[in-house]
Amino acid sequence: MPAQADRAVPEGYRLQAGDIVAVSVWQEPGLEQLVLVRPDGGISFPLAGDLKASGLTVEELNQALKKRLKKYISDPVVTVTLQEIPGNRIYVMGRVNKPGDFPLVTRDVTVVQALAMAGGLTPFADEKHIKVLRTENGRQRSILFNYKDIRRGQALEQNIMLQAGDVIVVP
């Protein structure tokens with residue numbers, strides 16, 4: 001289910017490829033549309049052309065669009081709202097109670113938090129050999145996670161922050 005901007009997106013959220021924003025310009029009915037942040041991080045909007053959106057906050061994108069539109073509209077009133085964040089998800093699979101994909105809205109979701117989002121481990125889960133699969137520079141990497149150590153309060157450094165696209169595999 002898509003996260004809605006007014007409910008789930010914290011202040012300071014930075015746009016990423018796959019996000020969908022609604023852009024409207026007051027009293028300009030032809031300048032109202034949903035815009036997809038492309039895989040290259042850019043967007044296209046009438047009169048403003050192509051501009052970079054990935055890495056910007058919603059407010060920064062608003063200001064960039066306003067600046068571009070000033071060439072054609074005197075003092076444009078631009079509204080940008082984040083509608084969906086389908087590209088910013090993590091995935092938890094295997095022996096958890098609720099496997100699936102979960103929105104990664106904030107930048108500080110850890111492995112333990114993701115496991116909690118998935119309803120925790122089932123009784124037959126292998127706590128010592130959980131893996132986080134991450135793609136970096138086009139290559140897949142496996143990061144070992146030992147939940148049993150975490151429960152004991154040991155090796156806490158392995159409770160890493162997750163990134164969009166990470167997959168947690170619980171054998």
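The model is predicted, and its chain averages a pLDDT of 89, with 92% of the residues scoring at least 70. An open sheet of three strands, ordered β2-β1-β5, shows antiparallel pairing. A β8-β9 hairpin has two residues between its strands, and a search of the whole structure finds eight salt bridges.

**Confidence**

- Mean confidence is highest in β10, at 97, and lowest in helix α1 (residues 5-8), at 44.
- Residues 1-7 have a pLDDT below 50, and beyond near neighbours in sequence this stretch makes 13 contacts in the model.
- Where pLDDT is low, predicted coordinates should not be read in detail.

- In the open sheet with the order β2-β1-β5, the pairing is antiparallel. Because β2 (28-36) and β5 (78-84) stand at the edges with a single partner strand each, one side of each has no neighbour in the sheet.
- From one strand to the next, the twist averages 15°.
- Six bridges join strand β1 (residues 20-25) to β5 in the antiparallel sense. I20 has E84 in β5 as its bridge partner.
- Helix α2 (residues 58-69) lies across β1 and β5, and runs at about 140° to β5.
- The loop between α2 and β5 contains D75. This residue is not a glycine, yet it has a positive phi of about 50°.
- D75 counts as exposed because its relative accessibility is 60%, above the 50% cut-off.

- Strands β8 and β9 pair in the antiparallel sense over seven bridges. The bridge partner of E136 in β9 is R139.
- N137 lies in the loop between β8 (130-136) and β9 (139-145). In the turn of this hairpin, N137 has a positive phi of about 50°, and N137 is a residue other than glycine.
- With a relative accessibility of 83%, N137 counts as exposed.
- Strand β8 also pairs with strand β10 (residues 167-170), in the antiparallel sense and over three bridges. In that pairing, V132 has I168 of β10 as its bridge partner.

- Side chains of opposite charge can pair when their charged atoms come close.
- R134 and D166 meet through their side chains in a salt bridge, at 2.7 Å from N to O. This pair links distant parts of the chain, 32 residues apart: R134 is in strand β8, and D166 is in the loop between α4 (147-151) and β10.
- Both partners fall under the 20% cut-off for burial: R134 is buried at a relative accessible area of 6%, and D166 is buried at 2% relative accessibility.
- A salt bridge also joins R38 and D40, whose closest N and O atoms are 3.2 Å apart. R38 is partly exposed, with a relative accessible area of 25%, whereas D40 counts as exposed at 60% relative accessibility.
- R38 and D40 belong, together with D50, to a network of salt bridges.
- Between D149 and R152 there is a salt bridge in which the closest N and O atoms are 3.9 Å apart.

Terms used:
Residues are numbered from 1 along each chain as its sequence is written. This is a predicted model: local features need pLDDT of at least 70, side-chain atom pairs count only at pLDDT 80 or more; totals for chains, interfaces and linings use all residues. Side-chain values use heavy atoms; hydrogens and water are left out. Two strands pair if DSSP finds at least two bridges between them. Helices (H or I, at least four residues) and strands (E, at least two) are DSSP runs, numbered from the N terminus. Axes are lines fitted to C-alpha atoms, for helices over the stretch in contact, and angles run from 0 to 180 degrees between N-to-C directions. Contact means heavy atoms within 4.5 Å. Buried means under 20% relative accessible area, exposed over 50%, partly exposed in between (1.4 Å probe, protein chains only). pLDDT is the predictor's confidence in each residue, from 0 to 100. A salt bridge is a side-chain nitrogen of Lys or Arg within 4 Å of a carboxyl oxygen of Asp or Glu.
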